[in-house]
Amino acid sequence: MSEEREHRDASGESAEGKLYWETSVRHLRSSGVSTPVDATFCYDVDDPFVVRAEFRPMHDSSVTWDLGRDLLDSGTKDTAGAGEVRVWPLLADRGDNSVFLRIGPPRASALFEIDLSGLRAWLRRTYLHVPRGSEADRIDWGALARRLLTDS
């Protein structure tokens, strides 16, 4: 377990302004087989447009994707995204509602099934910390410009 995770409280919040959601998702394979995968969704109030999703398959290396927070939220209600990231809900009558997340290029993508109510609840918490529309106010534009100029 990384040091960053050890500093979280019971709600999944850290002193550094990060909100975490630890969950198990289903990796749906084209063969029809699905396998459970541990996942951590992390929202950093200092990087307010992004949700970092880490997927940890049991017998493979972990994979981390940066996803748009608003994209994930939109995908809990309707199909959202294009290209390498697509999100859409499956609302079933029997109550086991899910969100599907496809990441990667079409011929080499991974498809995950995520608990809809859990994702919605966690996203609501992120919007309590940084309301929609106020994200740009949290960014240190000078530091971002310096980083971009020195990284090129």
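Select strand 1 (residues 18-28) together with strand 8 (residues 110-115): the two run antiparallel and are paired over three bridges, where pairing requires at least two DSSP bridges between the strands, and strands (E, at least two residues), like helices (H or I, at least four), are DSSP runs numbered from the N terminus. This is a predicted model, in which local features need pLDDT of at least 70 and side-chain atom pairs count only at pLDDT 80 or more, while totals for chains, interfaces and linings use all residues. Residues are numbered from 1 along each chain as its sequence is written, and side-chain values use heavy atoms, with hydrogens and water left out.

Next, select F41, F55, L101, I103 and W122, which have the most contacts inside the largest nonpolar core, a set of 27 residues. Such a core joins buried Ala, Val, Leu, Ile, Met, Phe, Trp, Tyr and Cys residues through side-chain atoms within 4.5 Å. Helix 3 (116-129) is among the elements that each supply at least two residues of this core, and helix 3 gives the most, with five.

Centre on W122: leaving aside neighbours within four places in sequence, its contacts (heavy atoms within 4.5 Å) include W21, F41 and V51.

Finally, display the aromatic rings, of which five pairs are counted; rings of Phe, Tyr and Trp (its six-membered ring) pair if their centres lie within 6.5 Å, with planes under 30 degrees apart counted as stacked, over 60 as edge-to-face and the rest as tilted. W21 and F41 make a tilted pair, 5.3 Å centre to centre with 35 degrees between the planes, linking strand 1 to strand 2 across 20 residues. F41 counts as buried because its relative accessibility is 0%. The ring centres of F41 and F55 are 6.2 Å apart and their planes lie at 85 degrees, so this pair is edge-to-face. To close, select W21, F41, F55, F112 and W122 together, a cluster linked by ring pairs.

Technical notes: Buried means under 20% relative accessible area, exposed over 50%, partly exposed in between (1.4 Å probe, protein chains only).
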